[in-house]
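Hello,

Here is the structure I said I would pass on. My notes on it follow below.

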Amino acid sequence: MSTAPEPEMSVSWPQALAWRMGRHLLEPVGTASVADVVRRLGAVLALDGSLAELAVRSRRADSRSGELAAAWHAGEVVKTFAFRGSMHHLSPADGGTYLALRAAGRQWELPSWVEHYRLRPGDWPDFRAAVREALSAGPSTVAELGETLVADRRYRHLGPTFAAGAGTLVKPLCWQGDVSLGPPRDGATTLQRLDTNPRWAGIPDLDEAGPRAVLAYLRTYGPATPEHVQHWLGDGLSAGRKRLSGWLAGLGDRLVAVDVDGTTALVAREDADPLAAASPSEVVRFLPGHDQWVIGPGTRDPHVTPPARRDLMTRKANPVVHGGVVRGTWTARGDDLVVTWLDERPAPGEAVVREADRLAGLLGRDLRLTVTPAT
């Protein structure tokens with residue numbers, strides 16, 4: 001990635017993380033809709049529905065159980081394959097921005113794909129059209145879609161692929177905006193057309209999508225270094241270092257370089273003054289495993305996830321965040337809430353109790369709190 005410019009201002013990491021918590025709707029907890037929370041975060045990992053819902057509800061002052069699934073079923077958010085090939089909830093307003101980056105590598109044109117699926121690059125426009133036509137009447141299971149497609153002699157050879165779930169073949173259809181994941185039917189995954197969702201804004205041109213995605217990342221996850229951008233958009237979406245460097249450079253005066261305790265990072269210019277005015281936070285938040293607070297900057301970022309706690313975060317432990325830093329973990333089993341405090345600083349007792357009460361409200365049950373040091 002390109003070298004960052006000379007800093008125009010200086011802040012501390014506690015300041016930076018406090019400002020970022022505001023952008024994450026964690027302090028203060030926000031009043032945005034479910035769709036707006038997803039849009040602010042860029043993406044919410046959807047592999048575990050309970051964790052995804054808690055990630056959203058943790059950022060809403062007034063929430064209810066099942067609201068993320070309801071927003072998905074109503075088309076207010078979409079569920080599709082995006083970052084790192086995993087299922088994510090995206091905003092229909094700008095989810096296409098991230099899919100444009102994901103599709104830029106055109107993996108379906110690789111020789112290995114062509115050989116395996118017997119679909120040449122020139123075959124894909126007709127194949128995509130056939131998929132959309134097959135879904136015109138509404139969502140179909142993968143098996144139903146396969147039955148429709150193999151009736152066409154051009155795609156008869158894909159019968160075994162659909163019989164096996166067609167997981168990999170479906171992904172580029174998602175990346176190109178043809179389909180998204182629909183509500184399951186009797187436990188089976190369904191696919192649905194994206195262009196029938198009136199909220200879907202489509203896939204923008206890559207030259208438009210790239211700078212937009214970079215700026216969106218910096219507005220939520222800044223101050224961030226070019227390597228943070230590479231982690232989220234490069235490693236996550238295979239956008240490519242050269243492209244990302246060009247998009248960062250092209251944003252020019254729209255970005256401000258910031259010295260954060262010796263690290264040069266970037267923020268959007270409109271966020272520079274609020275960042276400079278931020279005061280360190282002592283708030284405690286109990287977040288779900290693989291929450292965007294940790295995953296967005298990456299578990300390698302020691303300012304959010306100290307190295308000794310990285311393995312826990314990678315393995316989907318629920319983080320206890322104090323002042324923006326992962327200081328411990330929590331588990332809730334039955335009526336017992338156990339906080340394991342991992343930091344050399346003593347646990348802030350009153351703040352932990354307040355957050356335990358908030359979590360009890362989100363989970364809808366009374367919880368007996370126990371705070372223990374790591375063993």
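The largest nonpolar core holds 74 residues, and Phe127, Leu169, Val214 and Leu233 have the most contacts inside it. Helix α11 (residues 206-221) supplies the largest share of this core, 7 residues. Another core lies apart from it, with 26 residues that include Trp13, Ala317, Val321 and Val326. Please keep in mind that this is a predicted model.

Leaving aside residues up to four places away in sequence, Phe127 touches Leu119, Leu149, Tyr155, Leu158, Leu169 and Leu173.

Leu149 is also one of the buried residues of helix α8 (residues 142-150), together with Val142, Leu145 and Gly146. Viewed down the axis of α8, these buried residues fall within an arc of 100 degrees, so they line one face of the helix. Their cover includes α7 (124-134), β5 (140-141), α9 (159-163) and β7 (188-193).

On the backbone, there are two cis peptide bonds to look at. One runs from Glu27 to Pro28, with omega near 0 degrees; Pro28 sits in the loop between α1 (13-23) and α2 (34-41). The other joins Gly222 and Pro223, with omega about -10 degrees, and Pro223 is in the loop between α11 and α12 (226-235).

Positive phi values also turn up outside glycine. Asp186, in the loop between β6 (179-185) and β7, has phi near 55 degrees. Asp186 counts as exposed because its relative accessibility is 80%. For Asp261, phi is about 50 degrees, and this residue belongs to the loop between β8 (255-260) and β9 (263-268).

Regards

Terms used:
Residues are numbered from 1 along each chain as its sequence is written. This is a predicted model: local features need pLDDT of at least 70, side-chain atom pairs count only at pLDDT 80 or more; totals for chains, interfaces and linings use all residues. Side-chain values use heavy atoms; hydrogens and water are left out. Buried means under 20% relative accessible area, exposed over 50%, partly exposed in between (1.4 Å probe, protein chains only). Helices (H or I, at least four residues) and strands (E, at least two) are DSSP runs, numbered from the N terminus. The arc is that of the directions from the helix axis to the C-beta atoms. Contact means heavy atoms within 4.5 Å. A nonpolar core is a set of buried Ala, Val, Leu, Ile, Met, Phe, Trp, Tyr and Cys residues joined through side-chain atoms within 4.5 Å.
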